[in-house]
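Trainee: I have a new structure open and would like to learn how to read it. Could you take me through some features one at a time?

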Amino acid sequence: MKLLFITGNAGKLNEIKSVIPGIEGLEIDLAEIQHIDPKVVIEAKLREALRYRSGPFIVEDTSLYLNALNGLPGPLIKWFLAAVGVEGLYSIAQGRGDTHAKAQTIIGFISEAGEVEYFEGVVEGYVVPPRGSNGFGWDAIFQPKGSTQTFAEMTDEQKNELSMRKVAAQKLRDHLAL
């Protein structure tokens with residue numbers, strides 16, 4: 001089966017390829033609805049992508065949940081980053097006295113028959129002062145539990161060993177027997 005990952009983010013594509021080597025990227029600029037439930041966001045992306053091509057393909061959504069904000073920003077992380085940046089997110093968590101965070105990736109898969117399935121990966125960790133220059137998004141402020149480094153301080157290989165995207169991709173790979 002030829003499987004496509006619809007994304008414009010080369011970093012995300014490379015992470016998925018480390019688990020599913022045969023996957024190919026396809027860049028389609030999909031509108032992204034805003035919703036607190038990432039599965040609603042993913043299903044809307046999948047349905048919009050069907051306007052351009054048939055399945056099978058995947059899309060994903062990665063969220064960052066801060067305990068200090070009762071789980072926000074979650075799937076709204078892109079907009080929080082645009083408004084306050086990584087320094088602002090760290091300041092908010094630190095200022096509220098709770099730096100615990102959860103990183104979550106949900107991969108949405110749509111089959112040739114149009115059936116949707118979800119595969120989730122979660123990494124618990126902490127929001128810390130920005131460190132490192134590798135990665136993308138909020139990698140510089142997310143330090144997984146048990147690690148002394150942020151995702152941005154790790155090599156791609158180190159990050160992929162701990163990544164929530166890897167966990168989700170492994171579940172998809174196993175489900176599809178790829």
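Trainee: Let me start with E15: is E15 buried or exposed?

Mentor: Keep in mind that this is a predicted model. A residue counts as buried when its relative accessible area is under 20%. E15 has a relative accessibility of 5%, so E15 counts as buried.

Trainee: Which residues is E15 in contact with, beyond its neighbours within four places in sequence?

Mentor: Those residues are F136, K159, N160, S163 and R165. With S163 there is also a polar contact: the two side chains are joined at 2.9 Å.

Trainee: Where does E15 sit in the chain's elements?

Mentor: E15 belongs to helix α1, which covers residues 10–17. Have a look at the start of α1 too, where a side-chain oxygen of N9 comes to within 2.9 Å of the backbone nitrogen of G11.

Trainee: Which residues of α1 are buried?

Mentor: Here is the general idea. An α-helix has 3.6 residues a turn, so residues three or four places apart point the same way. Now the case here: K12, L13, E15 and I16 are the buried residues of α1. Around the axis they cover an arc of only 160°, so they lie on the same side of α1.

Trainee: What do the buried residues of α1 pack against?

Mentor: Their partners are the strands β1 (4–6), β2 (24–26), β3 (57–66) and β5 (100–110), together with the helices α4 (156–162) and α5 (164–176).

Trainee: Which residues are buried in α3?

Mentor: The buried ones are I77, G88, L89, Y90 and A93. Among the elements covering them are β3, β4 (73–74) and β6 (116–127).

Trainee: Stepping back, how many helices and strands does the protein chain have?

Mentor: The protein chain has five helices and seven strands. Its radius of gyration is 16 Å, close to the 16 Å that the globule rule gives for 178 residues, so the chain is as compact as a globular protein of that length. Buried residues make up 46% of the 178 residues.

Terms used: Residues are numbered from 1 along each chain as its sequence is written. This is a predicted model: local features need pLDDT of at least 70, side-chain atom pairs count only at pLDDT 80 or more; totals for chains, interfaces and linings use all residues. Side-chain values use heavy atoms; hydrogens and water are left out. Helices (H or I, at least four residues) and strands (E, at least two) are DSSP runs, numbered from the N terminus. Buried means under 20% relative accessible area, exposed over 50%, partly exposed in between (1.4 Å probe, protein chains only). A polar contact is a pair of N or O atoms within 3.5 Å; within protein, one must be able to donate a hydrogen and the other to accept it, and residues adjacent in sequence count only if both atoms are side-chain atoms. Contact means heavy atoms within 4.5 Å. The arc is that of the directions from the helix axis to the C-beta atoms. The radius of gyration is taken over C-alpha atoms; the globule rule is 2.2 Å times the number of residues to the power 0.38.
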